[in-house]
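Please open the model in your viewer and keep the selection tool at hand.

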Amino acid sequence: MTASSGTLVTVAPTGAEHSKAEVPNLPVTLEELVRTGQDCERVGASMIHVHIRDAEARPSLDQGLLKETVAALRAETGLIVQLSTGGAVTDPEEDRLAVLDAMPDSASCTMGTVNFGDAVFMNRWEFIVELHKRMQERRIVPEYEIFDIGQLASLNRLLDEHGAPAGGHVHVDLVMGVPGGMPGTAEMLTSALRLLPEGASFSATGVGRTTLPVMLASLASGGHLRVGMEDTLSYAKGERVRDNAQLAARAAALSRIAQRPPLSAEQARGMLGVQQTR
C-alpha cells in the first residue's frame, strides 16, 4: 500500500485547553499518555500530537518532561512522536522554540496569528521563520497548522523564501471549526485545497461539532485525519468520548470504508520524510 492509497491517522489526545478536573478521562500523566498511544496505535493511528502537563495537570513546556515524554513514547510505541510548539496561548516564544530541543520526530508550526475563542494565539512572522529554520537544522519534520485560509499564502511565502522543510515533503494540517478561525465545512476545505503548495499532503481536524463533517470531507478529498480529545469531547450528540482510542478507531474505520486504510507508522514515516527513531 502506498501513502496515496492509505490514510495517516494522527491522534491529539490532550491539548492545552481542557481541565483534568472537568474531563477526568483526559490523559495528562506520562503513564496515561503512553497507554493512550499504545491503544490508539493498536486501532490504526500512526502519529501522536503531544501536549504535556505538569504534576498538577497544568499545561507545561518543561524541557525535562518533554524529553521524558518523547523517550517513553518511542520506547513503548511505534508511533511518530510530534510535539506541539503551540503550547498554551500564554506561552512565550522562547519556550515554544525550545520544544525542539527535545528532538521529536515532528513538530507543529502554526502559520499565523488567529483569534482562539476569547484569546489570541500569537504567531509572528519572525517567530514562524525561526521555528522553520530550527526544524531544518535539527531534521525535525514540521506539520504546518493552518487555522485560517490566508495562512496558506504565508506557507507558500515561507517555502519560497526559506526553502523546503526537513524531510523534503510539505504536510499541512487544516484546523477547522475553532471560534475565530475558518469554519469546519466541506466548502471551506475545498477552498483551502486550492492554495496548498504543489505536492503537499494534508490532514484535516474538525473541532467540536465539526469533527465528522471535516473527517468525511477530508477523506473524500484524498486527505488524512487528525482526531482526539484535544479537539472534541463528544463522540455523538449527547454522548461523551470514552477515550482517544474510540476516536482513532472511528477514523480508521471510516478510512477503510473509503478504501484508503490506515497507514502503518513505517508507511507514514516514508510519506512525511521522518527519520527512523533517533
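How many strands make up the closed barrel, and in what order do they run? This is a predicted model, in which local features need pLDDT of at least 70 and side-chain atom pairs count only at pLDDT 80 or more, while totals for chains, interfaces and linings use all residues. Residues are numbered from 1 along each chain as its sequence is written, and side-chain values use heavy atoms, with hydrogens and water left out.

Select the strands (E, at least two residues, taken as DSSP runs and numbered from the N terminus, as are helices, H or I, at least four residues): eight of them form a closed barrel in the order β1-β2-β5-β6-β9-β10-β11-β12, with parallel pairing. From one strand to the next the twist averages 25 degrees.

Next, select residues 171-176 and 201-206, which are strands β10 and β11, paired in the parallel sense over six bridges (pairing requires at least two DSSP bridges between two strands). Within this pair, V172 stands opposite F202 in β11.

Finally, select helix α1 (residues 30-43) and helix α2 (residues 63-76), which pack at an angle of about 35 degrees with their axes 10 Å apart. Here L30, L33, V34 and Q38 of α1 meet E68, T69, A72, L73 and E76 of α2, where contact means heavy atoms within 4.5 Å.

Note on methods:
Axes fitted to C-alpha atoms, helices over the stretch in contact; angles between N-to-C directions.
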